[in-house]
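Biologist: Could you take me through one part of this model at close range? I would like to follow how it is put together, step by step.

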Amino acid sequence: MAKVNFRTNVLLKSIIGKDLITDDNIAVLELVKNSFDAGSNQVKISFENLDVQENSKLVISDLGSGMSKFDLENKWLNIAYSEKKAKREEYGRILAGNKGVGRFSCDRLGHYLTIYTKKESGSYLKIFINWQWFEEEGKIDLNIQDIQINLDEITEEQFVKKTSYSPFESGTILEIKSLRETWTHTKILSLKRQLERLINPNQSFKANKFDIILEAKEFLNFEKDFGDAQKVNGKVRNRIFEKLTFRVTNIQSKISRDGRTITTILKDRGITIFTLVEKNPFPALKNIRVFIYYLNPYSKAYFTKQTGIRSVDFGSIFLFINGFRIPPYGDYGDDWLGMESRKGQGYKRYLGTREVVGRIEVEDENEDFKIISSRSGVVNDETFTQLTQSDSPYGYYYKIFRRLERFVVEGIKWDSAIEDDNQLEKKILSDPNWDISKERYIEDSFTRNTRIIEVVENILSIKKDDVYRLRINKSFVADLIEEKADLVEQELERIAEQLKSKNLSPGDIEKFLIKLDSSRTELKTFSDIVSAYNENSNLITRTEKTLLKRYQDLLDEKSKIELRLKEEESARVAEENKRKAAEEKLKQATSENLFLKNIKSQDLDEVVSFVHHIGISSGIIDNYLTGLYKKLSSGQKLDSEKIIEILKIAVFENKKIQNISTFATKANFKLYTDAIELNLDEYIREYINNIIAIATDSGIKISFVNNNDKPLIKKLRPIEINILVDNLFSNSKKAGATEFNVSLTRSENNLILSFEDNGKGIDENKLKDIYRYGYTTTEKGSGIGLYHIKEILDRMGAKLEVTSKLGKGTTFKIYLE
Amino acid sequence: MRELKILWVEDDEKFGPSIHFRIEDSLIQNGIKLTEPILLGNGEGVWETVRDLEPDIIMMDHNLEDVIINGANLVIEIRFHNNETPIIFYSSEMGEKLSNLVKNENEVYISKRADVHSELERLISDRFQMK
């Protein structure tokens, strides 16, 4: 038996060098990663003497940790040795390169390699390699380790004299000479594109900043008039994703570092549609972010304008692990996520690689994702599957992607522009003044927005238990409700018109009922979505309830008509009467709907807005005057100009407050509408519901009991009811009450609205004084409240009766006819 | 003297400066100087501003008028990007429980508008004071 061993023929060099790394750009990328791993804040890639092949040079230099003699001999020259397996992290970075073959990229790029490297407080070291030494064919006995390479230690003066480089504290310079390929401007530009896509645009950590600088001085003149996107000289930036955030519909999501939650934000042109925090169902995934941008025809043209290339050529969804891109994922023609094949099945319902760009960023501390090689991506194991699975149960990427997709496909179908992509692109690229206002779409924005809210719940398709927090854009919804109320109103008007003009059969009324019903259903959809997740849904509930009532009324009408039709003559007369009644009711419904719309958009909003502004103005006054007082009383010398300036501000803010309070206490302050037919029972119940939250917060239990069977419809100003209830509640609170009970009862001709509390009560002897302007029992009160209430009630034609006992409580009874 | 940069996401442009005016003296006595308040009137570009200008404290008004999105959403968005800048989140309106809206987000302090000045002073003294 003999002992034998492996030998490594010199030709091994090419196998792991220029024959393995077949792409020049990838070669440069590997070397850039080495600079990154050495802790350098920047790497400079410079091309020189490109016109003469033998003298052409590519220099990659960094200011990282550099190498010592030991490092060169035992690590750099040690094929396949990679410390990166042993050290996960260095210099605060998770190491990017692996496989230990990055150095052979140099072989790919040029015939000769000179390395200058220096560690801090070490000396300059030089190594020269002629790769041809390793290309002797047929030499069976020539091993790779037989080739001797000179390692020189040189002084700084020698370094400066012999090379054109400036001295440095630590770092590495790779000087690759006699480049194998011809590097034209175009080729270098293509390298730049790759480098742009290499860097994670999310460079939010200044400490770990890593800049890539490209230099090709010979082209400076050639490209001096080009746009930045077409220049090769300069810092490589990846700004495209930031610019996109404002323009396009996009979805961003992240799995938290501890893997417990997923936070997702859907944005449409810079407006947030919803933010959602839910449980993370993927046990293998953590510390991952997904950014997906949808490009409509306009966006695609903008993309080209910004970057100089078509979005299709740029690629689609990229994968970054620990800060560096994993090719070929996302490159033009690559469909690692299977979006194209999926799209093929679903025809128009799915988005493909041409309509989206984006990235997945993984912070992988434990090497959960196993990188195969620079061109083959990542091992397809459980972790990878949980990220990428394209059918049910969907992986994380598709979980997020499908939400964007639904939103785009169902929610904003209108994003199909009127002209085709090519025409659009020409238009936008040739017009330097093109902006977003020139965009034209097939549908109008209301239709679009309506659909948006309708699909929001479908988009989310989540179990309530999994949701930790969901916020849907409130104003967005409120605007939609207002527009919806408008539409409903228009429908009602149309119906009223019809009723006026002809004799209607039950069949006709049936048609109207169907129309009304669909409006109801749509509103119910809003209501369900919003009330499930939002805090303030009273408006929708009110509108919905009104419609329900109208619907039911008409339903009643319909059955009554059917009965009467049995009798011939009296049937026709009765129908005539019923028609008139329905007309009346519809008019009322119209005005009620008007009322609701107005409540939301006019009065209640106005008052809320006023209160908001009063809060701000008084806060500002408080701050400035307190600050002024503090400064002056501490002896600070302030020049009179500054004092005057501050007083001016205070006076101005105060005038705002005065203005608002004038408005609020004026008798006919309703600028926009008159008093309206109001169902008092319902209105008060709604209003109480509104203030329950505030009440409970203050420790008061509110109850509302309606013992009234005949709804009271009266012409009233809703805002006055609000003020009435607010004031009485506020008084009870000031009196230290813990209960505030509101009830409606009917007695003979009167409806009695009663407010009872268990506060400290009022001295019976003082009862007659309470309405006097300025009467107050607390030092904080202004005494305006009850005075104003009396005014309101007088105007309403209502009587007020107050009973109270000291220490027991107070009851206000309002008698309405 | 330590300088602090404060970002105000608040639609009234006088409010931030008035708070600075009120508290700047007692801060200077404790070695803290406030730079000119950075004012952002509505929600647009809040994350980009935070990322680029790196304020030390963010003051977030919940009710931003004339704006589609409100303060709570902006808080969630800022935290989405792993930013841990302390936020004082306030509102004039009662009844809405601000704390519910930003439950589980770190470093968010709830305040009434009327108490903002004292909340800010407290935060500065806890976090940034040179002890």
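Predicted model: local features only at pLDDT ≥ 70, side-chain atom pairs only at ≥ 80, totals over all residues.

Modeller: Happy to! Chain B has 5 helices and 7 strands, where helices (H or I, at least four residues) and strands (E, at least two) are DSSP runs numbered from the N terminus. Read from the N terminus, the order of elements in chain B is β-β-α-β-β-α-β-α-β-α-β-α. Residues are numbered from 1 along each chain as its sequence is written, chains are lettered from A and ligands numbered from 1 in the order in which they are written, and side-chain values use heavy atoms, with hydrogens and water left out.

Of the 131 residues in chain B, 60% are buried; buried means under 20% relative accessible area, exposed over 50% and partly exposed in between, with a 1.4 Å probe and protein chains only. Chain B exposes about 5,400 Å², and carbon and sulfur atoms supply 45% of that area. Accessible areas come from the Shrake-Rupley method with a 1.4 Å probe, and for residues only the protein chains shown count as cover. Among the contacts (heavy atoms within 4.5 Å) in chain B between residues at least 6 apart in sequence, 67% join residues at least 24 apart.

Now for the helix pair. Two packed helices are described by the angle between their axes and the distance between the axes. Axes here are lines fitted to C-alpha atoms, for helices over the stretch in contact, and angles run from 0 to 180 degrees between N-to-C directions. Helix α1 (residues 15-29) and helix α5 (residues 116-127) of chain B have axes that come within 10 Å and cross at roughly 50°. That angle makes α1(B) oblique to α5(B), since angles under 35 degrees count as roughly parallel, over 145 as roughly antiparallel, 65 to 115 as roughly perpendicular and the rest as oblique. The crossing of α1(B) over α5(B) is right-handed, that is, the near helix is turned clockwise from the far one by less than a right angle. On the α1(B) side, the contact is made by B:Phe15, B:Ile19, B:Arg22, B:Ile23, B:Ser26 and B:Leu27; α5(B) brings B:Val116, B:His117, B:Leu120, B:Glu121 and B:Ile124. These residues divide into 7 nonpolar, 2 polar and 2 charged, with Ala, Val, Leu, Ile, Met, Phe, Trp, Tyr, Cys and Pro counted as nonpolar, Asp, Glu, Lys and Arg as charged, and the others, Gly among them, as polar. An α-helix has 3.6 residues a turn, so residues three or four places apart point the same way.

Helix α2 (residues 46-53) of chain B is worth a look too. B:Val46, B:Trp47, B:Glu48, B:Thr49 and B:Val50 are buried there. After α2(B) comes B:Glu54, with a positive phi near 50°.

For some context, chain A has 22 helices and 27 strands, and 50% of its 817 residues count as buried. In its helix α4 (residues 105-109) sits A:Ser105, buried at 0% relative accessibility. Leaving aside neighbours within four places in sequence, A:Ser105 is in contact with A:Ile21, A:Ala27, A:Glu30 and A:Leu31.
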